[in-house]
Amino acid sequence: MSQSVLAGMENSAVTVLKRAIELDHESRLQDALVCYQEGIHLLMEVLKATKDEAKKVHYRKKIANYMDRAEKIKEQLNDLKESNYFCSNIFVYNFLKFCEMLIKGPCSVKTIHLLTSLDNAGNAQQTSGLEEIKQSLQSYNITLEVIYSSSIHDREIRFNNGWIIKIGRGLDYFKKTQGRFSIGYCDFDLRHCHETTVDIFHIKHTKNT
């Protein structure tokens, strides 16, 4: 490889890696990872063609540093994916437990209207989970209607008799048990709860006077 080609490849590597660092600082991790990988590849090609031992040591050190950062970004992205999947599943499971409570209650529930936001990161798990709950509720002659909203933020339960329940944490108010074989793991009536605010009032008290 000629010196001019080698120099051009090194300049390209420097440019790509500078862009990777900029994207990294902007928290654009996926784009930064792509640039880090491309820059590392270019630097490794430069390393193979370099004869100067001092430069080789320099390139190896740079490559190692960039590879370490790229691996950390991979871990962050994987953690983010798992976190989004976990949060989406927690929401669906909490709603499922709420539906089970309604089925066991003394009142005959015919229809459940769910107004919720769509989790963009885990929407596949969310929509498929809610669809499965919907199909399951049909065997109890209960209809589930799901509406997605991009602006909904309130967490409340409204009954057709006028009563409204607002819970600060939504349905995610149970604490984890100490282990899978601890009391309360299966029976949520025995679980401890997170501290939260619960407001119960009738719709007639919300009307303008």
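This is a predicted model: local features need pLDDT of at least 70, side-chain atom pairs count only at pLDDT 80 or more; totals for chains, interfaces and linings use all residues.
Local features here need pLDDT of at least 70 and side-chain atom pairs count only at pLDDT 80 or more, while totals for chains, interfaces and linings use all residues. Residues are numbered from 1 along each chain as its sequence is written, and side-chain values use heavy atoms, with hydrogens and water left out.

User: How are helix 1 and helix 2 oriented, roughly parallel or roughly antiparallel?
Analyst: Helices are DSSP runs of H or I with at least four residues, numbered from the N terminus, and axes are lines fitted to C-alpha atoms over the stretch in contact, with angles running from 0 to 180 degrees between N-to-C directions. The axes of helix 1 (residues 3-25) and helix 2 (residues 29-49) come within 8 Å and cross at roughly 155 degrees. Because angles over 145 degrees count as roughly antiparallel, helix 1 is, relative to helix 2, roughly antiparallel.

User: Which residues of helix 1 are buried?
Analyst: Buried means under 20% relative accessible area, computed with a 1.4 Å probe on protein chains only. By that cut-off, the buried residues of helix 1 are L6, M9, A13, L17, A20, L23 and D24.

User: Which residues does I165 touch, not counting those up to four places away in sequence?
Analyst: I165 lies in strand 4 (residues 163-167), a strand being a DSSP run of E with at least two residues. Contact means heavy atoms within 4.5 Å. With residues up to four places away in sequence not counted, I165 touches R155, E156, I157, F159, V198, D199 and I200.

Methods: Angles under 35 degrees count as roughly parallel, over 145 as roughly antiparallel, 65 to 115 as roughly perpendicular and the rest as oblique. Buried means under 20% relative accessible area, exposed over 50%, partly exposed in between (1.4 Å probe, protein chains only).
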